[in-house]
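Welcome! Let's take a short tour of this structure, one part at a time.

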Amino acid sequence: MIWGIFKRDMCHATRNVIAVIVSMGLVVVPALYAWFNIAASWNPYGNTKALKVAVANNDKGYKSDLIPVRVNVGETIISTLHANDQLDWQFVKSDKAIDGVKSGEYYAAIVIPKGFSADMMTLFSPDIKHAQLKYYLNEKINPIAPHITDQGATTVVNTIDKTFAKTIAQVGLDLASSILHYSQSPQMAEYMRNLNGNLTTMADTLSGASQQVTSYSQLLGSANDIVDSTGKLLASATKAGKQAQNALKQGKSGATSFTSAGANVTSSVNTALDQVSGAFDQVAAKVNKAFDAIGKDSDTAASQLTTLSEQVSSSESLYDTYITSLNHMHESVEQLPDSDSAKQALLEAIDREITLLEAAKGDSQKLAQQLKDASTQVTQDTAAAERSRKEILNCITSAKQSISNVRDDYATNVKPKIDALASTVSTLISQTDSMITQLSGTADDLDDVTGDVGTNVTSIRSTLGAIAKKLDSSAATVKELITKLETGGNAGDGNSDGGDGDNDASSSDSGESDELRALATANASTLSTLISAPVALHRVSVYPIANYGSAMAPFYTILSIWVGAIILCAMLKVAISDREKAHVLGLGDTLPRVAGPSGPGNASRWGLRLDHEYFGRYAIFALLALLQGTLVCLGDMYFLGVQANHALQFLAVGWLAALVFSNIVYTLTVSFGDIGKAVAVVLLVMQVAGSGGTFPIETLPKFFQMLYPFLPFPHAIDAMHAAMAGSYGNEYLLDMVYLALFLIPSLLLGLVLRKPVIRLNNWVSRNLESTKVM
């Protein structure tokens, strides 16, 4: 019976061209529905380059003492976005950007405010401000566009954060690297050597001071003996004082003579130096005159130059005389007491004067030699003679300058010190005379003092001993500092002296130095990038999907199969007419009158039961549904290129879904007529929202999360996903079983529960027909 019904349905479906075209359309239309949706959503997030997003930069930049260079984060953002092709960035003024968002020209706009850089740099101040970008969004244009532009804005913010952190980190690393490199430079090494030298000198000075204090303490030990002998010394001093007074009278006379002699020497020195300076002027004039005569009479010019050379050589005796006088003066000053403060300064001034005179003498000798050489060149080479002329004139100028230096130095340094020495000697003699006069009275008073000195000496020696110990301790501290500096310098140089291995601190310092050196030699850009983003996201795809279109293919494929089932029930008759029943039973064109009114099961007395009618008519539905599923799945894989790692499993899901969905819709239509078709559409709408094909089930309202396990869509979609990308355990088989289980309630309704509702369905149909509209 079932086979008979199916054969007659196939004959009717292929009886004419229109029937064949309609049958083909029933198979193709669901596939077109799926393919159009999958192709349209193939790569939507990769085609965002056409979304216009305006960017306006009002940032005025920032400059501070901490960072002396001008910082403008807004310009950095603009430069970065120029190289970004995620969106169609439009760089405009802020007013146009905002107006463009309102008009719909731009989907969104990002405005960088004036104080953006300044707010970012408050990171280094107590008053930290959060830098903000102004983001304008037109949400009415498209429901998805705001989310895409939001992602673009988030990308900009993340880029700014990373760039700012990277810049600050790179500045710090570059600074540390520069400091470390500078610490290892020759200049720094020279500073360290100088520091070590100064510290060594300081340590020696402290040690010497300690020794001097100890010596003073020991010297004070003999103070009592000195005090005891003081009386005797004073008595002798009084007698010697009278003799000294006679000597002082002679000293006054000598001081007066010394002052007069100094004045005479000064006068003679100035006169002699002026004569020498004038003589050089004459020599210069004669040199020019001699060289001017070269072209006319070279022999005469050579003779004149020879004469000038001899004249200059003869002036050397004047220098020798003056130098001899200064040496005598030097010897006289050395006879003065060392305690005289003017002695050393005068000796240094005389030595410097002698040096200047010797330099002037050397210049004169050089000039004489050049004049002599020039006398032989004028007859040989005119060009060489001209060069000699310039050299001689330069040498004359140098000699004159030397004479001037001698005269100025004598007037500035020697003469004042001679006068000061004479004055000091006179003053000293006067003071000494007065002192000797008072010495006699002092001797009487000293007898009263000597009694208390012995008591104070012991206390002073104790204090000096403590001072000596502190000086020794300070010297030891400085020496320890020198040792540490030398150790640190060797560690910084990376040299190994093969020590005994007992200095753990040195090893630690060397290790720290090696770490700093490794930090300095590393790539600052790489390190700053690591600091700005210390955690890198390494995306590992588990069961990867090739593209967004492939990811959406299961949803649209399953949806199209359900739509195909609804189209089949809308285009094909689900009820078998009495004429068809009669032909299947071989009863002619009509059933006998005893069959009763037309309807399901009215031919059961002749062997055509209700289940025969159900499966017989469903057979063509199942065939067309399988063709729909096969076409859409093959088109997905080989026409659109949807990813399918397991093609046969992918097809199997399509076949099973086609059978389950067509049976559910067929059963609803057979049982409830047009109301069943409406129920099928309602189920379609519910499954579109709650299948998890677009959004995760967990993101949907609670009602859909509870309803989800009892709908066929989620299980079919999950099974197709497993066929596309791979299955975890028995995931694929379980989903196929869950999908097949939906046939149980569908068959139960179509075969068992259908009988009680046949009368209800007939009653509803009669009432709808009575409206003459439905």
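## A pair of strands

In strand β2, Gln 90 is the bridge partner of Ala 54. Strand β1 (residues 52-57) runs parallel to β2, and 4 bridges link the two. Strands here are DSSP runs of E with at least two residues, helices are runs of H or I with at least four, and both are numbered from the N terminus; two strands pair if DSSP finds at least two bridges between them.

This is a predicted model, where local features need pLDDT of at least 70 and side-chain atom pairs count only at pLDDT 80 or more, while totals for chains, interfaces and linings use all residues. Residues are numbered from 1 along each chain as its sequence is written, and side-chain values use heavy atoms, leaving out hydrogens and water.

## The sheet and its helices

The open sheet has 4 strands in the order β2-β1-β3-β4, with mixed pairing. Because β2 (88-91) and β4 (134-137) each have a single partner strand, they stand at the edges, and one side of each is left without a neighbour in the sheet.

Helix α3 (residues 73-82) packs on the sheet and touches β1, β2 and β3 (108-112). Contact means heavy atoms within 4.5 Å.

## The nonpolar cores

The largest nonpolar core has 62 residues, and Ile 558, Trp 562, Phe 621, Phe 661 and Tyr 666 have the most contacts inside it. Such a core is a set of buried Ala, Val, Leu, Ile, Met, Phe, Trp, Tyr and Cys residues joined through side-chain atoms within 4.5 Å; buried means under 20% relative accessible area, with a 1.4 Å probe and protein chains only.

Another core, of 15 residues, lies apart from it and includes Leu 347 and Ile 403.

Notes: Axes fitted to C-alpha atoms, helices over the stretch in contact; angles between N-to-C directions. Buried < 20%, exposed > 50% of the residue type's maximum accessible area, 1.4 Å probe, protein only.
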